[in-house]
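Dear colleague,

Please find below the structure that I am handing over to you.

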Amino acid sequence: MPAVIVGTGVAVPPNVVTNDDLTRIMDTTDEWILSRTGVRSRRFVDPGTGTSDLAAEAIAAALDDADLAAGGVDAVVCATMTPDRQNPGIAGAVQHKAGLATAAVFDLRQQCAGFLFGLDLADMLIATGRAGTVVLVGTEVG
């Protein structure tokens with residue numbers, strides 16, 4: 001059976017930092033940053049907020065979007081290059097914070113390609129019958 005995406009969720013930190021904000025602490029301009037990066041603003045987490053916190057929030061939104069209960073999730077795949085700590089990975093913390101107590105968990109640290117590797121892993125778990133419902137989350141905190 002092919003894998004199908006049935007829900008999506010997003011979590012973003014509340015603190016917006018614009019290029020103009022950066023000009024107050026750095027020798028730069030909005031135009032300089034924008035012309036080289038295309039970035040107008042970025043978001044910062046509050047102190048104490050970890051990658052796993054954003055992941056759990058996004059998972060809750062995705063489960064709600066898919067009209068699925070946490071107990072129906074068989075596996076969680078977490079792709080990040082900025083885990084809360086180096087060891088252990090964030091998958092166990094995400095599992096706990098998202099209330100997915102019975103789900104198998106996987107950590108992927110493949111930098112930019114992590115989410116794509118995660119899609120492949122989720123598809124494989126479903127195609128082989130190892131899991132019926134897999135949550136894939138890509139999350140970063142810089």
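In what follows, a residue is called buried under 20% relative accessible area, exposed over 50%, and partly exposed in between. By this scale Asp 21 counts as partly exposed, because its relative accessibility is 26%. Please note that the model is predicted.

Salt bridges

A search of the whole structure finds 2 salt bridges. Side chains of opposite charge can pair when their charged atoms come close.

In one of the bridges, Asp 21 is paired with Arg 24, and their closest N and O atoms are 2.8 Å apart. Arg 24 counts as exposed, since its relative accessibility is 65%.

Another salt bridge joins the side chains of Asp 53 and Lys 97, with an N to O distance of 2.8 Å. This pair links distant parts of the chain: Asp 53 belongs to helix H3 (residues 51–66) and Lys 97 to helix H4 (residues 91–97), the two being 44 residues apart. Asp 53 has 27% relative accessibility and therefore counts as partly exposed. Lys 97 is likewise partly exposed, with a relative accessible area of 41%.

Nonpolar surface

Ile 5, Phe 115, Leu 116 and Leu 119 make a nonpolar surface patch of about 410 Å². Of these residues, Ile 5 lies in the segment before strand S1 (15–18). Ile 5 has a relative accessibility of 67%, so it counts as exposed.

With kind regards

Conventions: Residues numbered from 1 in each chain as written. Predicted model: local features only at pLDDT ≥ 70, side-chain atom pairs only at ≥ 80, totals over all residues. Heavy atoms only, no water. Patch = residues over 30% accessible without salt bridge, like charges linked within 9 Å, V, L, I, M, F, W, Y side chains within 5 Å. Areas by Shrake-Rupley, 256 points an atom, 1.4 Å probe, with all protein chains shown as cover. Salt bridge = Lys/Arg side-chain N within 4 Å of Asp/Glu carboxyl O. Helix = DSSP H or I, 4+ residues; strand = E, 2+ residues; numbered from the N terminus. Buried < 20%, exposed > 50% of the residue type's maximum accessible area, 1.4 Å probe, protein only.
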